[in-house]
Amino acid sequence: MLKDRMLPTPSPRSPLHQRTISLNGYAREDGLWDIEAHLVDTKSHVFNTGTIQWEPGQAIHDMWIRLTVNQELVIQAIEVAMDSHPHPECPEVIPPMDSLIGARLGKGWRKTIELHLGGIKGCTHLRELLASMATAAFQAVPGALFDADENKPPLYLGTCKSWDFDGAAVLRHYPKFYQWKPKP
């Protein structure tokens, strides 16, 4: 097994920007799940956007999204908050977020985001959060990565080196799907 590794010591440098993103999944009492994302951008120096001056450490972006999904990862509700944003127009992107209600997190999710919220219809930062929220949902919702058909592999097989259908991990954990090929 590999030892824990860190990046090598960097060259001398000065901090400029920090983006913190957190993703959390919650089981609700009504049988649904909430997936929450939070993005905060700060600068380590005074920063200006138009007439607004941001002090070091002050959040330029402080944005939240809550997706409520069912067992099939279909969005039932969406809530968005912008506690801090650089331009007065930024909150105008919140109402169009409702267009994602009824969409499913999974294959094609990034295309769905782009279709509904791409370009000037949405916000770059919220789109970034939405893309990551799918993987958080896969981790949080029990059974989300398994097909109801036991003759089909879990959805994560074939998506990375470790879960290569021809690899040792699949042979160990899912021998039934070792060297599996999708039917045309």
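## Basis of the model

Relative accessible area is classed as buried when under 20%, exposed when over 50% and partly exposed in between, with a 1.4 Å probe and protein chains only. This is a predicted model, in which local features need pLDDT of at least 70 and side-chain atom pairs count only at pLDDT 80 or more, while totals for chains, interfaces and linings use all residues. Residues are numbered from 1 along each chain as its sequence is written, and side-chain values use heavy atoms, with hydrogens and water left out.

## Arg 66 and its partners

Arg 66 is partly exposed, at 28% relative accessible area. Its side chain forms a salt bridge (a side-chain nitrogen of Lys or Arg within 4 Å of a carboxyl oxygen of Asp or Glu) with Glu 79, the N to O distance being 2.7 Å. Because Arg 66 belongs to strand β5 (residues 59-69) and Glu 79 to strand β6 (residues 75-84), this pair ties together parts 13 residues apart in sequence. Strands (E, at least two residues) and helices (H or I, at least four) are DSSP runs numbered from the N terminus. Glu 79 is partly exposed at 43%.

The side chain of Arg 66 also has a polar contact of 2.6 Å with that of Glu 36. A polar contact is a pair of N or O atoms within 3.5 Å; within protein, one must be able to donate a hydrogen and the other to accept it, and residues adjacent in sequence count only if both atoms are side-chain atoms. Glu 36 lies in strand β2 (residues 33-43) and is buried, at 16% relative accessibility. Beyond its neighbours within four places in sequence, Glu 36 is in contact (heavy atoms within 4.5 Å) with residues including Tyr 26, Ile 65 and Met 133.

## Other salt bridges

The count of salt bridges is seven. One of them joins the side chains of Glu 128 and Arg 19 at 2.9 Å, N to O. Glu 128 is in helix α2 (residues 124-140) and Arg 19 in strand β1, so the pair links parts 109 residues apart in sequence. Both residues are partly exposed, Glu 128 at 30% and Arg 19 at 33%. Together with Asp 41, they are linked in a network of salt bridges.

Arg 28 and Asp 30 form a further salt bridge, with their closest N and O atoms 2.6 Å apart.

## Cysteines

The structure contains zero disulfides (pairs of cysteine sulfur atoms within 2.5 Å). For Cys 123, the nearest cysteine sulfur belongs to Cys 90, at 6.4 Å. Cys 123 is buried at 12% relative accessibility, whereas Cys 160 is partly exposed at 37%.
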